[in-house]
Amino acid sequence: MRQAVAAADSVRGSTAPNPWVGAVVVTPGGAVHVGATRPAGGEHAEIVAMRSAGEAALGATLYTTLEPCNHHGRTPPCTDAVIEAGVARVVVGMEDPDPLVAGEGLAALRRAGLQVTTGVGSAEVADQLEAYAHHRRTGRPFVTVKLAATIDGATAAPDGSSRWITGPAARADGHRLRARCDALMVGAGTVRADDPELTVRHVRGCDPRRIVLGSAPPGARVHPCLEVSGPLPDVLSRLGDEGVVDLLVEGGATVAGELHRAGLVDHYVLYLAPALFGGVGAAGLFGGPAAATMEDLWRGRITAVTRLGADLRVDLRPLPASTGN
């Protein structure tokens, strides 16, 4: 299952709207064949692994991070292929929360006489597929807001300059976030001010789909992009309907503040540099009104703190009762 999880991680960011799944076929002779989900319309992980095994899949054990599908979509049901290949046992990390599957794949395998084991590596798989499960549960993409600031919480100088607050290691890590999401959204103000490319450059990986909240000026480097507008819950629902599963939001303060106050952020990633503006006038992390009283203060939970060169990455999640999701 660990090999299957690693295979899934290698294709994250390239499979939406399908989940990033890994699979391993272990033949009766002990040979190991690994597969991962292809881009949308391509083969699912189980099919890739079984195709690699060929006739040796007869009597084999299939490990897969997610329950095999049992319905016709862009591809035929994986359960049919598993049964036809003569696989003897299937080990599953997590049941599929998609209403089109939701245990039906496991039931089909059991009806065909296969031995089925579930829940192996479930915690790791659930963490890896958190964004996918959120999308299937809510119809909206999982929203990660990425912010970079000095230790005293400033994101730009009073003259508007902001590059570079953090160092190379933190910037590379930010590009790893880009590579693992399937869409990246910024506000039109950020496009006008910074003219970002929003591509993956400092690490290997696929460029995410680029989305601008508002209108991008003609000739901006973000083109081609999808331009969206309207109430943020409606925007996220539209993106979810269009197959965006994992959404990274990089700016600016206005968009981040609006998402935050609406309770629409599922994961905050803060890069903190050992630097101080040391006074008033610098731009803060969020635009718009702050909490009016201590009773209104938003509180979350820190899930990880990682040192990246001279900088820190702080991962912050909403408390379960305050997500609004």
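How many salt bridges does the count come to? The count comes to 13 salt bridges. The structure is a predicted model. Its protein chain holds 10 helices and 15 strands. Of the 325 residues, 49% count as buried.

**Overall build**

- The C-alpha trace of the protein chain spans about 70 × 45 × 40 Å along its principal axes.
- The radius of gyration is 22 Å. A compact globule with 325 residues would have a value near 20 Å, so the two agree.
- Among contacts between residues at least 6 apart, 70% join residues at least 24 apart.

**Strand 6 and its neighbours**

- Strand 6 covers residues 142–150. It is mostly covered, with eight of its nine residues buried.
- Strand 11 (residues 246–251) runs parallel to strand 6, and four bridges join the two.
- V145 has V249 as its bridge partner in strand 11.
- Strand 12 (residues 267–273) also runs parallel to strand 6, and here seven bridges make the link.
- T150 stands opposite A273 of strand 12.
- In a regular strand, side chains alternate between the two faces of the sheet.

- Side chains of opposite charge can pair when their charged atoms come close.
- K146 and E250 meet through their side chains in a salt bridge, at 3.7 Å from N to O.
- This pair links distant parts of the chain: K146 sits in strand 6 and E250 in strand 11, 104 residues apart.
- Is K146 buried or exposed? K146 counts as buried, because its relative accessibility is 17% and the cut-off for buried is under 20%.
- E250 is buried too, with a relative accessible area of 17%.

- R176 and D173 form a salt bridge through their side chains, at 3.5 Å from N to O.
- Both residues belong to helix 7 (residues 168–180). They are three residues apart, so about one helical turn separates them.
- R176 is partly exposed, with a relative accessible area of 41%, whereas D173 counts as buried at 10%.
- The pair also belongs to a network: salt bridges link D173, R176, R313 and D315.

**A salt bridge between two loops**

- D195 forms a salt bridge with R221, and their closest N and O atoms are 3.6 Å apart.
- These residues link distant parts of the chain, 26 residues apart. D195 lies in the loop between helix 8 and strand 9, and R221 in the loop between strand 9 and strand 10.
- D195 counts as partly exposed, at 27% relative accessibility.
- R221 is partly exposed as well, with a relative accessible area of 41%.

**Helix 3 and its buried side**

- Helix 3 runs over residues 78–85, and C78, T79 and V82 are buried there.
- Why do these residues lie on the same side of helix 3? They cover an arc of only 100° around the axis, and that puts them on the same side.
- The buried residues of helix 3 pack against helix 2 (45–53) and helix 4 (104–111). They also pack against strand 3 (61–66) and strand 4 (89–94).
- G86 follows helix 3, and its phi is positive, near 80°.

**T199, a buried loop residue**

- T199 is found in the loop between helix 8 (188–194) and strand 9.
- T199 counts as buried, because its relative accessibility is 12%, and buried means under 20%.
- A polar contact of 3.0 Å joins the side chains of T199 and R201.
- Which residues does T199 touch, not counting those up to four places away in sequence? T199 touches H175, R178, D207 and R210.

**G219, an exposed loop residue**

- G219 has its place in the loop between strand 9 (209–213) and strand 10 (226–228).
- G219 is exposed, because its relative accessible area is 73%, and exposed means over 50%.
- G219 and A253 are 34 residues apart along the chain, and 23 Å separates their C-alpha atoms.

Conventions
Residues numbered from 1 in each chain as written. Heavy atoms only, no water. Buried < 20%, exposed > 50% of the residue type's maximum accessible area, 1.4 Å probe, protein only. Arc of directions from axis to C-beta. Contact = heavy atoms within 4.5 Å. Pairing = 2+ DSSP bridges. Polar contact = N/O pair within 3.5 Å; in protein donor to acceptor, adjacent residues only side chain to side chain. Salt bridge = Lys/Arg side-chain N within 4 Å of Asp/Glu carboxyl O. Rg over C-alpha atoms; globule rule 2.2 N^0.38 Å.
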